[in-house]
Amino acid sequence: MIHESPTPEEESFAENDWQRLITETPAELRGVVAEIVRKYATKCIDCFYSALLSHPDATPFLSQHKVDTQLHHALINWLKLLFPIEPANPHKLIAFQHKIGTVHARSHIPIHIVLHGARLLKMEIRRHIFAPENFVPDPPATMFYVANTIDMALTFMSQSFVHDVEEYAEKEEAFRLMSLGQDMTLEREVQRSALLDWGHKTLFSICSGANLSTIPTLESSEFGIWLNHKGSVLFQGAQELKRVYKIVARIDDELMPALLLTNPPDRIILQELQASTDELRFIIDSMFKALESIEGGRDPLTNTLSRRFLPTILGREVSLALRRKMPFSLLMVDVDHFSRINEKLGHIGGDAILRNIATTLVNACRANDFIFRYGGEEFLIVLIETEKEAAIQVAEHIRSTIEHIPPLTIEGTKLPITASIGIGTFDGHPDYTHLVEDVDRALYAAKKAGRNRCSVA
C-alpha cells in the first residue's frame, strides 16, 4: 500500500511543533548557534564529506568533483537555513526538507547514508560548541537545540523520501506489467536469436583461429544489453534472474578469459561454454513462458511509452550508468508549429502526423531504446549506452528524416513538417530531472534559433 502524503492537519501539527522548538529556545542561544554554524560551516562540511567519500555505500552517488562543484555549497546553505540569525519560518523549513527528501528518493540515495551524514554533522557541531575557545553559556542546552532541529529536518526528509520511493516502486511494477503486454512470442524469439548469434559468432571465431580478444563480451552483446535494460524489468522478481546473471558473469569473467590462454582452445572449456549458453536459452525460455500477457502502459495514439513510466526508466538508467560507468543520452523532439498544423488539418490530421512522427522515431532508434510521448507534440527518447556524439548523429538523422516527409498541401499552400530536437548526455548527476531540464533547455534553444535544428545541452 502506498504511503500517503501528510494531511494538512498533520502538516499544521508538525509546523507548530517546529515553531515551538524555535520559540522555546532563547534568542541568545539561537544566535550563538547561528554564529558557530557560520564560523565553522566549511570545516563541518569538509569533515562530513571526507567521511562519506570513504563510505562504500556512498561512492556511487558522490565524487570529489561533485562535492566541490555542487554539494558543498548546497549543504552549507542548508545548515544556514536551519540555524538562521533571525527566527526561521517553520512552513518554509518544512517545505524545503520535503523537497530534499524527494531529490534523495529520485537519486536513489539510501536513507541510511543520509542518517549517517546527519550524525557526522551533529558530532562535528558538538565539538565546536564544547570547544574551550568558543564561549557558549549553556553547551548542553545549545546542543539539545541543534540535535532536535536536525532530527526534525530529517523527519520531514524521510517522510517525503518514503512516499516517493514507494510511489516509484508502484510505477516500476506498473511498467513491468505494461512490458508483459508486449508480444512475448516475438520478444522471446528475438532474444533467442540474439543469444544464438553471439554463441555462433564466438564459436566460429574460436574454431577459425581468430583473435578472441576482439570478440565482444556476452554482457555487451545485443542480448546482454537487452537483459540489463529491459529483461531485468520484464523478469523482475523471478528467482531464475539471478542464475541468468551468474551464467553471464561466468562466461565473460571465467570461460572466455580461460580460452584466451589455450592454443588450440581447450575442448573441456569449449564444452562448458556451449553448456552455459544452452542453459541460458533454457532459463530465458522458461521465464518467458511464465509471463502472462496484459495490456496497458502505452500512449493510445502513438503506441509509444506513457510518460508516467519516465521516472521508473530514467531512475533505472541513472542507477545503471552510475554503477557501470556507461553513458546514456536523451533526445527531446518537438514538432515545429504543430498548433498551425492542427488549425489547417484539424485534430484528425494532426493525430495522423503524430503517428507518422512516432513511426519515424521507432525506425530511427534501436529496439533497446525507450520512446515516450512526453507532451502534446513532444517525444522524449532515452538512448541507452549512447555517448554525446552518437546521440547527435541519431538526432540529426531523425531531424533530416522528418524534414524530408513530403509537405502537405492545404488550399494550395504547402505545409512542411519539421522538428526541433534538444540533446543531452548523462553527466553523473544522480537526479534524473537535472538531465531532463538540460534537454528541455536545449530544445528551447533550438526553437529560439529558428527551429528545424538540433541543439546540445
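Two residues are in contact when their heavy atoms lie within 4.5 Å. By that criterion, 74% of the contacts in the chain between residues at least 6 apart in sequence join residues at least 24 apart. The model is a predicted one. Its chain has 457 residues, of which 47% count as buried. The secondary structure comprises 14 helices and 7 strands. Along the principal axes, the C-alpha atoms fill a box of roughly 80 × 75 × 40 Å.

The largest nonpolar core holds 48 residues. Within this core, Trp18, Trp78, Phe83 and Ile150 touch the most other members. The most comes from α2, which gives 12 residues.

The surroundings of Phe83 can be listed in detail. Neighbours within four places in sequence are left aside here. Phe83 is then in contact with Val33, Ala34, Val37 and Arg38, and also with Tyr145, Val146, Thr149 and Ile150. Ile150 is itself, like Phe83, among the core residues that touch the most other members.

Two helix pairs were examined for packing. Two packed helices are described by the angle between their axes and the distance between the axes. The crossing of α2 past α3 is right-handed. On the α2 side, the contact is made by Val37, Arg38, Ala41, Thr42, Ile45, Asp46, Phe48 and Tyr49. On the α3 side, Val67, Leu71, His72, Leu75, Ile76, Leu79 and Lys80 take part. By class, this contact of α2 with α3 has 10 nonpolar, 2 polar and 3 charged residues. Val37 and Arg38 of α2 also contact Phe83.

The second pair is α8 and α11. Helix α8 spans residues 222-234, and helix α11 spans residues 310-324. They pack at an angle of about 130°, with their axes 11 Å apart. This angle makes α8 oblique to α11. The crossing of α8 past α11 is right-handed. From α8, the residues Asn228, His229, Ser232 and Val233 meet Arg316, Glu317, Leu320 and Arg324 of α11. The contact of α8 with α11 divides into 2 nonpolar, 3 polar and 3 charged residues.

Technical notes. Residues numbered from 1 in each chain as written. Predicted model: local features only at pLDDT ≥ 70, side-chain atom pairs only at ≥ 80, totals over all residues. Heavy atoms only, no water. Core = buried A, V, L, I, M, F, W, Y, C linked by side-chain atoms within 4.5 Å. Buried < 20%, exposed > 50% of the residue type's maximum accessible area, 1.4 Å probe, protein only. Helix = DSSP H or I, 4+ residues; strand = E, 2+ residues; numbered from the N terminus. Left-handed = near helix turned anticlockwise from the far one by under 90°. Nonpolar A, V, L, I, M, F, W, Y, C, P; charged D, E, K, R; others polar. Axes fitted to C-alpha atoms, helices over the stretch in contact; angles between N-to-C directions. Parallel < 35°, antiparallel > 145°, perpendicular 65-115°, else oblique.
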